[in-house]
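Please look at the structure below before reading on.

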Amino acid sequence: MNEDNVLEVKNLEVRFYTYAGEVQAVSNVSFNVKENEFYALVGETGCGKTVTTRAITRLINPPGKILGGEVLFKRKDGKIIDLLKISEKELREIRGNEISYVFQDPTSALDPLYNVKSHFEETVLAHYEANKKSIEKEAINILKKVLIPSPEMRYKSFPHELSGGMRQRVVISLALINNPKLLIADEPTTNLDVTVQAQILDIFKQIMDERKMSIILITHNLGIVAEYVDRLSVMYAGKIVETGKTEQIFNNPLHPYLQMLLKSIPNPLKKIEKLEPIPGFVPSLINPPKGCRFHPRCPFAMSICKEKEPQLIEIEKDHYVACWLYEKK
Amino acid sequence: MSKELLKIENIYKYFPVKGTFFKKITAVDNVSLSIKERETLGIVGETGCGKTTLGKIMVKLLEPDKGNIFFGGKNVRNLKGKDLKWFRKNVQMVFQDPHSSLNPKMTIAEILQEPLREHNIEVGDVEEFLIKKLEEVGMEKGLLYRYPHELSGGQKQRVAILRATIIQPSFIVFDEPTSSLDVSVQAQTLNLIKEMKEKYKLAYSFISHDLAVVRYMSERIAVMYLGKIVEIGNSDEIFEKPLHPYTQILISSIPIPDYNLARKREKIKIIGEPPSLINPPKGCRFHPRCPFAMSICKEKEPQLIEIEKDHYVACWLYEKK
């Protein structure tokens, strides 16, 4: 495992066995996240970005199954482990402690019967021995950091007494209380208004730098990526099609899907006469197209694209693409 | 100058607060605006600012508690019988969620025929007509006898758009028509909505929280905050020269899908979240979050004033200049 990395995912394969057939949700996905890096997985609905990150700590329930791959993680004590191989007991030490999650919907992430205080106590006591006074002190500290007004009062509130933005701030604080090395945020701002979204993303960035942790952000919003993220992978139909630094991805997009995606989103600061949509639809993952999964919608499709699957190749430093157009150049 | 099509004057809409007898919130508070023929007016604002309520009032799905609405010169509030039917034929709405706005027990053909039947519109061979219409929005004719659950989200929204345009109205309200769609499908749908407008010479009101989409769709934009219009003007002007601090903050909060622009620009930070409508702040409703708040902002409510031609703002910063 590379020194700078906190996480390395190699050839991850996840399938769902449904009545309709075998869904190849994540196929041969590899990426790594460096220490103190803001990393993103980007793609449209159903491209496998959520499943990929859930598979990192084996949060895949039947009918889903992780078929293969490696997920190497550097623990707080520096030990490197494969999260797919360790025991459930060891994994529990890691979930919510060394790797924590922030999910899209804060309302269902909080238990309506317990107040904010109980959530914090549960999260800390599951991993450490601590007295409730010190938990409260630390929690209020974090609640202040995520800009919750009058945190002492909010600490005793129940989820229904908080607004959507406030709930998401509580969920973020819960994810941070054990000082994780890796925070996985799955569309954390999708349900929120733009002004609140900007506040929360600023908080992420600030805390990441303060605590030297890494973040994997899952999003479909390329604007957020351009604004905040260091490096990212673009997913399409269960595969990574391009990986690179944010600057490379936006200034020199290589994969036809990414090029077309960037042209199909309106930029609010520019006057646009006409958007250019991507023709066709995202394929079903039960019977994905043979060869490159994007070939039925690709204007540059060649005969090889229908036959063989392209692999990720490095075009310039840190910039990878899986497309036959760039092979052997 | 084209003619004024829809005009609303000093509209108020109250909703009772659950669990109380007398408390009410003012969802739409003294809103006036007008939409010309063949024009798109975008309405933007955050959750709970009253934009959907305003849209529903425009199509007479909700009655305002105070104020008047004029459509084609007629006062809409007391329309009855034939006149009401005329209004319903001319004014349509497309909703946010196509899954719940299409009847699951009807086929696409039945869904599309219903408005034709209701308004007694003769089209000759119905099947032929519907197939032509489906092809117009880029859908296969085989989908005509399918049910909504067999269609994707983007296809359903196309059917909803078709249903609204099939009786050739003159004005359509779109309430977040693409917020449940993926970006690539969103672009297809937005372009379709634009094409329909040119083809059938329609006027739109386009409601969305997504400023990028609203700019792409609209000629004029109204920005709402807590039930009030705080700024209204030409859409390029709103984006290039936003006047109200809220508009400025809103624009600076949208993430820009362009690396160089995104990293260069300076952002205005905003504090707090939108306050509750039950007890809106006194004076200018934005003052608790406004970085430029003055003492007058806490006392008196600013009125919309014209700063440049057709560009109005309600803010004390611009008074008496």
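## A β-α-β unit

Which elements of chain B make a right-handed β-α-β unit? The unit is formed by S7(B), helix H7 (residues 183-200) of chain B and S8(B). A crossover counts as right-handed if, with the strands pointing away from the viewer, the path from the first strand over the helix to the second runs clockwise. Helices (H or I, at least four residues) and strands (E, at least two) are DSSP runs, numbered from the N terminus.

The model is predicted: local features need pLDDT of at least 70 and side-chain atom pairs pLDDT 80 or more, while totals for chains, interfaces and linings use all residues. Residues are numbered from 1 along each chain as its sequence is written, and chains are lettered from A and ligands numbered from 1 in the order in which they are written.

## Strand S7 and its partners

Strands pair if DSSP finds at least two bridges between them. S7(B) runs parallel to strand S8 (residues 203-208) of chain B, joined by 5 bridges, and B:Phe174 has B:Phe206 as its bridge partner. With strand S6 (residues 91-94) of chain B, S7(B) pairs in the parallel sense over 4 bridges; here B:Met93 stands opposite B:Val173.

In strand S7 (residues 171-175) of chain B, 5 of 5 residues are buried (20 or more other C-beta atoms within 10 Å of a residue's own, with C-beta atoms placed from the backbone). B:Ile172 and B:Phe174 point one way, and B:Phe171, B:Val173 and B:Asp175 the other.

## An antiparallel sheet

An open sheet of 4 strands in chain B has the order S2-S1-S4-S5, with antiparallel pairing. Its edge strands, S2 (24-36) and S5 (74-75) of chain B, each pair on one side only.

Conventions
Buried ≥ 20, exposed ≤ 12 C-beta atoms within 10 Å, placed from the backbone.
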